[in-house]
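Subject: The model, and what turned up in it

Hello,

Here is the structure I promised to pass on, with my notes below it.

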Amino acid sequence: MTAPTVFVLSGPNLNRLGTREPEVYGSDTLDDVHAAVQREARDLGLVADCRQTNHEGELIDWLHEAVDVGADVVLNPGAFTHYSYAVRDACAIVTTSGRSLVEVHLSNPAAREEFRHTSVVAGVATGTVAGFGLQSYLLALRALV
């Protein structure tokens, strides 16, 4: 039996983890996140397909691809969280197709600037994990199983 695939998608500026505001996002790089996700996924009997983009359309295409291949999604939408109705609508396609989508944030947006308090994705996500740094991704994987 083939292990189920989970798309682990990260949005804009997450390729700068480790150097971008380490006091907020920590010192782990995106490569560190992906390595930890791969280990956790393997331990949970999953295959993690980890991707990052700074481009909204590419992220939307990946969400559509998840639906097409029947994959659940762990998504850190980055700044798209707060204003991208196009990303929100693509997330809704995932969850209304019967797949799960867990929204993830390294920091706790509710404890940050006012504009970060609103997530347009949260209302269509299966659930949200925020504020636990790299562990947020791992907790999201556990939630899927």
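A side-chain polar atom of Ser-84 sits 3.0 Å from the backbone nitrogen of Val-87; a polar contact here is a pair of N or O atoms within 3.5 Å, where, within protein, one must be able to donate a hydrogen and the other to accept it, and residues adjacent in sequence count only if both atoms are side-chain atoms. Before going further, please keep in mind that this is a predicted model, in which local features need pLDDT of at least 70 and side-chain atom pairs count only at pLDDT 80 or more, while totals for chains, interfaces and linings use all residues. Residues are numbered from 1 along each chain as its sequence is written, and side-chain values use heavy atoms, with hydrogens and water left out.

Back to Ser-84. This residue belongs to the loop between β3 and α4; helices (H or I, at least four residues) and strands (E, at least two) are DSSP runs numbered from the N terminus. Ser-84 is buried, at 1% relative accessibility (buried means under 20% relative accessible area, exposed over 50%, and partly exposed in between, with a 1.4 Å probe and protein chains only). Setting aside neighbours within four places in sequence, Ser-84 is in contact with Glu-56 and Val-120, contact meaning heavy atoms within 4.5 Å.

Next, helix α4. It has 12 residues and reaches 16 Å from its first C-alpha to its last, close to the 16 Å expected at 1.5 Å a residue; the expected span is 1.5 Å times one less than the number of residues. Val-87, Ala-90, Cys-91, Ala-92 and Val-94 are the buried residues of α4, and they pack against α3 (56-69), β3 and β4. Just after α4, Gly-98 has a positive phi of about 95 degrees.

An unreviewed UniProt entry places the feature "binding site" at Asn-76, His-82, Asp-89, Leu-106, Ser-107 and Arg-116. These positions spread over 41 residues of sequence and also in space, up to 23.6 Å between C-alpha atoms. UniProt positions are given in the numbering used here, with feature names shortened, and annotations may be inferred rather than shown by experiment. Of two that I looked at, His-82 is in the loop between β3 and α4 and is buried, with a relative accessible area of 16%. Apart from neighbours within four places in sequence, His-82 is in contact with Phe-115, Arg-116, Thr-118 and Val-120. Asp-89 is in helix α4 and is partly exposed, at 41% relative accessible area.

How many salt bridges are there? The count is five, taking a salt bridge as a side-chain nitrogen of Lys or Arg within 4 Å of a carboxyl oxygen of Asp or Glu. Among them is the pair Arg-142 and Glu-40, at 2.7 Å from N to O. Arg-142 lies in helix α5 (residues 135-144) and Glu-40 in helix α2 (residues 30-43), so this pair ties together parts 102 residues apart in sequence. Arg-142 is partly exposed at 38% relative accessibility, whereas Glu-40 is buried at 14%.

Asp-72 and Arg-99 also form a salt bridge, at 3.2 Å from N to O. That pair links distant parts of the chain, with Asp-72 in strand β3 (residues 72-76) and Arg-99 in the loop between α4 (85-96) and β4 (101-105), 27 residues apart. Asp-72 is buried at 13%, while Arg-99 is partly exposed at 28%. Then there is Arg-51 with Asp-49, at 2.9 Å from N to O; Glu-65 joins these two in a network of salt bridges.

Finally, the nonpolar cores, each a set of buried Ala, Val, Leu, Ile, Met, Phe, Trp, Tyr and Cys residues joined through side-chain atoms within 4.5 Å. The largest has 23 residues, and Val-6, Val-8, Val-33, Val-37, Val-74, Tyr-137 and Leu-141 are those with the most contacts inside it. At least two residues of this core come from each of β1 (5-10), α2, β2 (47-52), β4 and α5. Not counting residues up to four places away in sequence, Val-74 touches a set of residues including Val-6, Val-102, Tyr-137 and Leu-144. A second, separate core of 21 residues includes Val-73, Leu-75, Val-87 and Ala-125.

Best wishes
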